[in-house]
Amino acid sequence: MTLSILTAASLNGVITPARGSTGESLVPVLGTPREVLEWKWQVRRRHDAVFVGTGTVLVDDPGLTSHALPGGPAVRVTIDSAGRIPRSARFFDGSARTLVGVSGTTSRDYLDFLTERGVEAVLAGESRIDLRRFVAALAERGLSKLAVEGGGTLNRALLAEGLVDRLYLILIPAVLDAGSVNLFEGAGGLARFRLEECERIGDYVMTRYLAVE
Ligand SMILES: NC(=O)c1ccc[n+]([C@@H]2O[C@H](COP(=O)([O-])OP(=O)(O)OC[C@H]3O[C@@H](n4cnc5c(N)ncnc54)[C@H](OP(=O)(O)O)[C@@H]3O)[C@@H](O)[C@H]2O)c1
């Protein structure tokens, strides 16, 4: 099992311009080169699925299929034990294999909705999702290489569980509001990484880090 965090962050480690707003809104503002997006899509294609947190689905309403080559696979994953994601979300548009982590407290109504939409409900926890159990259940379904695209709360929770193997970090040439969402949101202990790769595209720095014990 390999879990990589794939994210863009500002020079001060922030991933979205304001709480409740999407990081994607920065692309036109900053004039992000197409090559930066291509780099991100290539990383996605080297993984079996893209995994995002509920907060990211609620704010960004992502489709998570833009990286797929014609006829190529796109698999998207989230967790939503409380059934908070609106049924009109792009996540449920049927355009890709879709999996949602659920728990013993997830409502029957929401589970029925997921079944109707052809979404795979992955049971992983009694009330909250047990991230270790969830990641193991995904591997059993053939998804053993995960690209996690945040947000900061999910990134932190995965790091705290010792589940993060790699960090693909796109350094955005800007400083953003420090009150917004951090790449690893909230408190936590020291976590060390080793730089494996570093590439420059215009004013952007594309990096790959390996988590070290
Ligand atoms: N710049 C970028 O590359 C980028 C990428 C992605 C997202 N973003 C931005 O990030 C923002 C959203 O980030 P966010 O931090 O608010 O939300 P988030 O990380 O997307 O969602 C948090 C999710 O993690 C779950 N979680 C947290 N701790 C957990 C634990 N210990 N065990 C199990 N599950 C746990 C929460 O579950 P519960 O609901 O059960 O607590 C919730 O479903 C958006 O503004 C988005 O635009 C930016």
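**From one residue to the whole fold**

Author: Let us begin with Leu146, which, once its neighbours within four places in sequence are left aside, is in contact with Leu3, His47, Asp48, Ala49, Phe51, Val135 and Leu138. Please keep in mind that this is a predicted model.

Reader: What makes these residues count as being in contact with Leu146?

Author: Two residues are in contact if their C-beta atoms, placed from the backbone, lie within 7 Å, and Leu3 and Val135 are among the residues in contact with Leu146.

Reader: Which residues have the most contacts inside the largest nonpolar core, and what makes it a core?

Author: A core of this kind is a set of buried nonpolar residues joined through C-beta atoms within 7 Å; the largest has 46 residues, and those with the most contacts inside it are Ala49, Phe51, Leu138, Leu146 and Val148. Strand 1 provides its largest share, five residues. In soluble globular proteins, nonpolar side chains tend to be buried together.

Reader: How many helices and strands are there in the protein, and why is it called as compact as a globular protein of its length?

Author: The protein has six helices and nine strands. Its radius of gyration is 17 Å, close to the 17 Å that the globule rule gives for 213 residues, and therefore the protein is as compact as a globular protein of that length.

Key
Residues are numbered from 1 along each chain as its sequence is written. This is a predicted model: local features need pLDDT of at least 70, side-chain atom pairs count only at pLDDT 80 or more; totals for chains, interfaces and linings use all residues. Helices (H or I, at least four residues) and strands (E, at least two) are DSSP runs, numbered from the N terminus. The radius of gyration is taken over C-alpha atoms; the globule rule is 2.2 Å times the number of residues to the power 0.38. A residue is buried if 20 or more other C-beta atoms lie within 10 Å of its own, exposed if 12 or fewer, and partly exposed in between; C-beta atoms are placed from the backbone.
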